[in-house]
Amino acid sequence: MRIVVITGGSRGIGRSAAQHCARAGMGVVVTFQHRQDAAADLVGEIVSEGGSAVALRLDVGDCSAFPAFRARLEQILSEHWDARRIDALVNNAGHGLFHPIDSVSEAEFDGLMRVHLKGPFFLTQTLLPLLADGGQILNLTSATTRVATAGVAPYAAFKGGLEVLTRYMAKEFGVRGIRANAIAPGAIRTELGGGLPAPFEALLASQTALGRIGEPEDVGRVIAAMLSGANGWINAQTIEVAGGYVI
Ligand SMILES: NC(=O)c1ccc[n+]([C@@H]2O[C@H](COP(=O)([O-])OP(=O)(O)OC[C@H]3O[C@@H](n4cnc5c(N)ncnc54)[C@H](OP(=O)(O)O)[C@@H]3O)[C@@H](O)[C@H]2O)c1
């Protein structure tokens with residue numbers, strides 16, 4: 001059985017990705033930060049559908065916690081799946097911030113950097129010895145790296161950095177057959193950054209060829225397809241999943 005680790009799997013896009021991966025027959029490890037209840041509900045739902053999943057707490061913004069997370073993950077792999085390796089890591093966890101550049105505090109900037117760039121870098125480094133040869137890394141970025149959107153400058157800048165990092169991961173890990181791609185959603189209806197105000201949602205929908213904003217499933221099923229489909233020659237790409245946003 002292939003096993004995937006999805007950070008931030010308790011809600012939103014990560015939750016949908018976990019559901020679709022489990023339905024595709026993968027064992028799923030989801031992480032949560034605060035919402036243990038939501039993560040437990042998800043695990044219960046997957047198990048009731050005949051799948052297998054485990055939820056672990058992890059703060060992606062705290063690199064000092066990563067060695068202990070790896071040790072716990074190794075234990076879980078052994079106990080639940082009699083396995084020593086994972087087949088994929090999805091760096092999905094994150095939070096949003098809607099502030100123009102002239103009002104972003106240094107603490108807010110650093111918090112976004114830790115979660116969206118430093119965290120994925122060092123979590124990937126920490127889990128790399130557990131990632132099977134031929135495995136995959138998916139990094140969740142954002143269409144805001146392509147379309148400048150007032151109010152999300154530091155978030156978009158770190159997502160842009162993560163897209164560059166994705167190509168470097170592909171470059172350095174290719175020797176082991178490990179691929180790395182970025183999935184860049186457009187606006188998706190989740191709790192990120194407190195959710196989208198209705199007028200902003202209407203504007204984004206009007207700028208999208210398919211005439212609406214996305215739902216978590218629109219991205220979750222793409223993540224599962226990337227991890228299960230016959231797409232082994234897709235590598236080092238940023239794949240926008242946005243319904244045709246600002247084209
Ligand atoms: N929604 C969008 O419009 C959109 C667009 C482009 C890209 N994205 C990206 O897609 C990813 C998922 O976003 P989403 O919209 O699904 O967000 P969401 O609904 O707010 O869910 C965020 C998830 O990340 C977890 N999380 C947040 N901060 C964390 C931290 N420091 N350490 C560990 N886990 C943390 C949350 O855990 P708890 O439940 O425990 O709090 C939750 O599981 C993010 O990287 C986001 O930047 C989203």
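Predicted model: local features only at pLDDT ≥ 70, side-chain atom pairs only at ≥ 80, totals over all residues.
Val60 puts a backbone N or O atom 2.8 Å from a nitrogen atom of the ligand, a polar contact (a pair of N or O atoms within 3.5 Å). Residues are numbered from 1 along each chain as its sequence is written, and side-chain values use heavy atoms, with hydrogens and water left out.

- Asp59 has a polar side-chain atom 3.0 Å from a nitrogen atom of the ligand.
- At Gly8, a polar backbone atom sits 3.2 Å from an oxygen atom of the ligand.
- On its own the ligand exposes 900 Å², and the protein buries 95% of that (areas by the Shrake-Rupley method with a 1.4 Å probe).

**Who is in the shell**
- Helix 1 (12-23), helix 4 (106-127) and helix 5 (153-173) each give two or more residues to the shell around the ligand; helices here are DSSP runs of H or I, at least four residues.
- In total, 30 residues surround the ligand, counted when a heavy atom lies within 4 Å of it.
- The closest are Ser10, His34, Asn92, Tyr155 and Thr190.
- Sorted by class, the shell has eleven nonpolar, 14 polar and five charged residues, with Gly among the polar ones and Tyr among the nonpolar.

**Two helices crossing**
- The axes of helix 3 (residues 66-81) and helix 4 come within 10 Å and cross at roughly 45°, the axes being lines fitted to C-alpha atoms over the stretch in contact.

Conventions: Polar contact = N/O pair within 3.5 Å; in protein donor to acceptor, adjacent residues only side chain to side chain. Axes fitted to C-alpha atoms, helices over the stretch in contact; angles between N-to-C directions.
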